[in-house]
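Me: Can you walk me through this structure? I'd like to go through it a piece at a time.

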Amino acid sequence: MTGRTMRHPFVQQSPMPGFGLAMGITVTMLSVVVLVPIAALLLKGADFGLANIWATVNRERIWKALWLSFRLSFLAALFNLVFGVVLAWVLARYRFPGRRLLDAAVDLPFALPTAVAGIALTALYAPNGVFGSVLADAGIKVAYTQWGILVALIFVGLPFVARTVQPVIEEIDREVEEASATLGASRLYTLRHVVLPMLTPAALTGFALALARAVGEYGSVIFIAGNIPLVTEIAPLLIVIQLEEYNYNAAAAIGIAMLLISFAMLLAINLIQIWSRRRIGHV
Amino acid sequence: MVIQIDEISKLFGTTAALHPVSLSIPGGALVALLGPSGSGKTTLLRILGGLEYPTSGRVLFDGQDATGMTVQERRAGFVFQSYALFRHMTVFDNIAYGLNARPRASRPSKAEIARRVTRLLDLIQLPQIADRYPSQLSGGQRQRVALARALAIEPRMLLLDEPFGALDAKVRKELRQGLREIHDTTGLTTVFVTHDQDEAMELADLVVVMSMGRIEQIGRPQDIRTRPATPFVRDFIAG
Amino acid sequence: MSDIPLPPAGLRPAAARRFHAPTDEAPAARLVLILLAVLGLGVLVLAPLATVFAEALSRGIGTALASLSDPQAWSAIRLTLLVAAIAVPLNAVFGVAAAWAITKFDFRGKAFLITLIDLPFSVSPVVAGLCIVLTFGANSLIGGWLVAHGFPIVFALPGIVLATMFVTFPFVARELIPVMIEQGRAEEEAALTLGASGWRVFRTVTLPNIRWALLYGVLLCNARAMGEFGAVAVVSGKIRGQTATVPISIEMLYNEYMTVAAFSMAALLAFLGLVTLLIKTALEIRHADQLTAQRRH
């Protein structure tokens with residue numbers, strides 16, 4: 001093995017067997033299933049040319065769809081940030097009949113396929129649906145409007161914040177909260193100044209996951225969205241439409257745009273997280 | 001402040017952590033609650049601090065019934081075994097916490113808070129660490145910061161749960177002296193919980209020996225050493 | 001020390017009622033939060049679930065069952081099971097291999113490899129499908145050659161399997177890595193010093209230690225695999241009776257206003273999801289110790 005003579009060997013010597021086999025399977029499958037396909041998308045883009053990509057993306061219909069996707073995803077993730085922290089708190093701290101059921105129900109959006117959620121939400125919020133008819137009487141239209149998309153995106157992102165924050169709450173040392181009380185702080189002051197800062201990094205992680213999921217979401221949204229160009233058309237749908245017209249270049253252009261914006265967003269959120277951990281995470 | 005404990009008992013479910021116990025602590029005394037784990041000493045301390053509610057009996061501060069007072073109203077400076085410092089706040093913000101948490105009407109000005117924090121840092125002989133975070137402190141420093149944080153609210157009494165439990169032997173000895181000095185400077189009625197009989201005997205004016213939720217003996221250190229009231233006390237201080 | 005006289009004890013039931021532990025919220029606040037959680041989950045999550053079954057059974061259970069026994073429905077169910085039966089074991093093998101390499105060895109670029117494994121989570125399923133189409137489609141380099149040799153990938157089973165594997169790729173590895181980090185290498189090293197072969201160490205030491213975490217990961221992977229819609233919609237071509245999986249059939253039936261049929265298929269998948277959830281909860285209760293590592297990270 002040449003690794004012995006190198007200053008920094010690729011892999012440190014270990015008595016454990018099977019590195020070659022395990023690494024071989026990992027890299028091969030990762031390449032075939034994920035890396036080569038993503039590279040194919042980027043190559044297609046390079047082939048098409050930056051100018052052409054810009055020309056394809058720079059149209060009102062596409063900007064509107066991208067803006068809609070990201071705006072509603074952000075709002076849905078924001079809702080889930082607040083509701084998820086409440087859910088996590090209730091599930092971690094309170095004992096009440098039906099708690100286990102509630103705890104399991106949080107995972108339902110993960111367990112229910114997106115297409116199933118999509119048609120169920122549509123049936124529920126359509127003008128003749130159970131919720132839809134009540135809302136219609138109040139003059140509110142949800143299905144086939146941006147509200148409908150928001151409802152669907154809230155549904156798919158619901159578990160993320162709750163599930164990342166819940167274990168953190170369970171690990172909080174109760175003495176810290178007691179200390180705050182003995183120093184004269186009201187319960188609300190304790191929650192605001194002691195508990196919330198401890199939950200922030202995990203809550204931001206959950207927010208980022210919910211956001212990433214919502215931006216790319218397709219199945220649960222297309223049924224309830226109505227898909228009206230310029231109004232309720234989400235970005236992933238545009239890719240499907242281009243593909244159905246065998247317009248691969250345009251599909252690739254939009255796909256690359258979405259990929260870049262997702263990565264930029266993830267990067268930004270990671271930076272916020274590093275910042276928040278540094279500020280409050282002196283663990 | 002005079003603390004009176006009148007027939008206090010505490011049940012957790014069906015197990016009795018405290019059988020009815022009574023105890024009077026004169027104002028300004030430094031008292032040790034001494035006993036093995038499970039003797040009920042920490043439960044008693046937490047009832048004094050308002051962190052637990054007794055199943056029966058009363059707590060009186062200066063002759064006033066304080067049993068129903070909330071923890072916030074009691075103004076007991078409480079030092080926890082784990083210190084329970086706020087790890088996302090600097091030492092300065094930790095010590096200033098109780099003052100900042102007051103309602104606006106009774107909150108001191110920023111300058112006044114800074115002045116008090118500086119004075120407390122001098123008192124615990126750590127004037128340079130205001131900007132550090134708890135994770136950057138040694139165990140002994142953390143304990144002293146916790147003490148300063150408790151003193152910042154101008155407490156009516158000082159309650160300490162195993163204040164030296166998490167420290168190594170050398171630091172422990174130094175900090176014992178530190179606590180004695182702070183007690184003598186402030187004149188606060190001070191109650192601390194310990195399982196270490198040397199610590200109790202060396203530091204306290206009055207030692208309360210507890211076992212299985214009962215008080216075995218109350219007395220000055222030398223009395224307990226020379227005249228143990230029960231076989232348990234004799235065995236415990238000998239061990 | 002009973003020299004201080006005690007004042008007479010008064011009655012104070014009000015004080016006892018007023019007291020609640022300082023780390024608890026006031027009972028009223030607690031009630032409001034619990035109601036908020038119950039109501040929120042009820043409206044957002046349980047109502048859609050109930051709707052699936054209510055719509056499926058709106059014309060009676062007979063109609064629902066009849067629509068499931070339709071030959072095209074059967075073909076969709078068979079295809080979905082087949083896709084999961086190929087994609088899930090492959091991803092399980094990948095997950096175990098990746099976790100073994102990452103947790104038992106130190107090598108350069110480990111953090112980067114973990115990032116790459118997580119990549120599919122931040123890619124839209126539709127973009128994932130698009131990537132598969134661009135790589136293996138008839139007018140791509142690889143795809144063209146494969147089609148010429150009579151092995152089409154896109155609009156056929158292999159494409160659906162690849163798309164499914166893409167979106168479920170990280171599931172098993174993500175469950176295993178934290179658990180295996182927690183367990184360390186000592187047991188394997190002990191077995192090696194006792195003369196066991198590498199394969200034997202894996203089978204008799206590692207596998208028993210990770211089996212519940214592995215099952216947990218496989219379960220999540222399977223649920224997602226059988227329900228995947230976006231990525232499969234792009235690569236399947238939606239040929240009735242041939243490349244339409246259950247989720248794709250749901251869309252087709254729904255768009256043709258065959259509501260009961262669509263919801264019957266949906267109820268089937270929802271039932272599967274509920275069973276998954278049940279097993280998952282049971283695993284979390286019974287084998288919490290082996291799954292804690294992953295819950296903590």
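Me: How do α13(C) and α14(C) run relative to each other, roughly parallel or antiparallel?
Reply: This is a predicted model, and in it the axes of helix α13 (residues 246-255) of chain C and helix α14 (residues 259-286) of chain C cross at roughly 160 degrees. Angles over 145 degrees count as roughly antiparallel, so α13(C) and α14(C) are roughly antiparallel to each other.

Me: Within what distance do the axes of those two come?
Reply: The axes of α13(C) and α14(C) come within 8 Å.

Me: And is the crossing of α13(C) and α14(C) left-handed or right-handed?
Reply: The crossing of α13(C) and α14(C) is left-handed.

Me: Which residues meet there?
Reply: From α13(C) there are C:V246, C:S249, C:I250, C:L253 and C:Y254. They meet C:T259, C:A261, C:A262, C:M265, C:A266, C:L268 and C:L269 in α14(C). By class, the contact has ten nonpolar, two polar and no charged residues.

Me: Which residues of chain C does UniProt list as "transmembrane region"?
Reply: The UniProt record, an unreviewed entry, gives that label to residues 31-54, 74-100, 112-138, 150-173 and 257-279 of chain C.

Me: How much of residues 112-138 is helix?
Reply: In chain C, residues 112-138 are 70% helix and 0% strand. The end C-alpha atoms of that span lie 32 Å apart. For residues 150-173 of chain C the figures are 62% helix and 0% strand, with 34 Å between the end C-alpha atoms.

Me: What domain does UniProt place on chain A?
Reply: The record, again an unreviewed entry, has "domain: ABC transmembrane type-1" at residues 66-269 of chain A. That stretch is 80% helix and 0% strand, and its end C-alpha atoms are 19 Å apart.

Me: How is chain A divided into domains?
Reply: Domain 1 of chain A covers 14-48 and domain 2 covers 57-280. Their C-alpha centres lie 30 Å apart. Five residues from domain 1 of chain A and six residues from domain 2 of chain A make the contact. The domain 1 side has three nonpolar, one polar and one charged residue.

Me: How many residues of chain A are in contact with chain C?
Reply: 77 residues of chain A touch 79 residues of chain C. On the chain A side, the largest share comes from helix α1 (residues 19-48) of chain A, with 15 residues. The residues on that side divide into 61 nonpolar, ten polar and six charged.

Me: OK, chain B now. Which residues does the "domain: ABC transporter" annotation cover?
Reply: In UniProt, as an unreviewed entry, it covers residues 3-237 of chain B. The span is 38% helix and 26% strand, and its end C-alpha atoms lie 26 Å apart.

Me: How is chain B divided into domains?
Reply: Domain 1 of chain B takes in 1-75 + 155-239, and domain 2 of chain B takes in 86-154. Their centres, taken over C-alpha atoms, are separated by 25 Å. The contact takes eleven residues from domain 1 of chain B and ten residues from domain 2 of chain B.

Me: Which helix gives the most to the domain 1 side?
Reply: On the side of domain 1 of chain B that touches domain 2, α6(B) gives the most, with five residues. By class, that side has eight nonpolar, two polar and one charged residues.

Me: How do α5(B) and α6(B) run, roughly parallel or antiparallel?
Reply: The axes of helix α5 (residues 139-152) of chain B and helix α6 (residues 169-186) of chain B come within 11 Å and cross at roughly 15 degrees. Angles under 35 degrees count as roughly parallel, so α5(B) and α6(B) are roughly parallel to each other. Their crossing is right-handed.

Me: What makes the contact of α5(B) with α6(B)?
Reply: On α5(B), the residues are B:G139, B:G140, B:Q143, B:R144, B:L147 and B:L151. On α6(B), they are B:V171, B:L175, B:G178, B:I182 and B:T186. They divide into five nonpolar, five polar and one charged.

Technical notes. Residues are numbered from 1 along each chain as its sequence is written. Chains are lettered from A and ligands numbered from 1 in the order in which they are written. This is a predicted model: local features need pLDDT of at least 70, side-chain atom pairs count only at pLDDT 80 or more; totals for chains, interfaces and linings use all residues. Two residues are in contact if their C-beta atoms, placed from the backbone, lie within 7 Å. Helices (H or I, at least four residues) and strands (E, at least two) are DSSP runs, numbered from the N terminus. Ala, Val, Leu, Ile, Met, Phe, Trp, Tyr, Cys and Pro count as nonpolar, Asp, Glu, Lys and Arg as charged, and the others, Gly among them, as polar. Axes are lines fitted to C-alpha atoms, for helices over the stretch in contact, and angles run from 0 to 180 degrees between N-to-C directions. Angles under 35 degrees count as roughly parallel, over 145 as roughly antiparallel, 65 to 115 as roughly perpendicular and the rest as oblique. A crossing is left-handed if the near helix is turned anticlockwise from the far one by less than a right angle, and right-handed if clockwise. UniProt positions are given in the numbering used here, feature names are shortened, and annotations may be inferred rather than shown by experiment. Domain bounds come from an automatic or database domain assignment.
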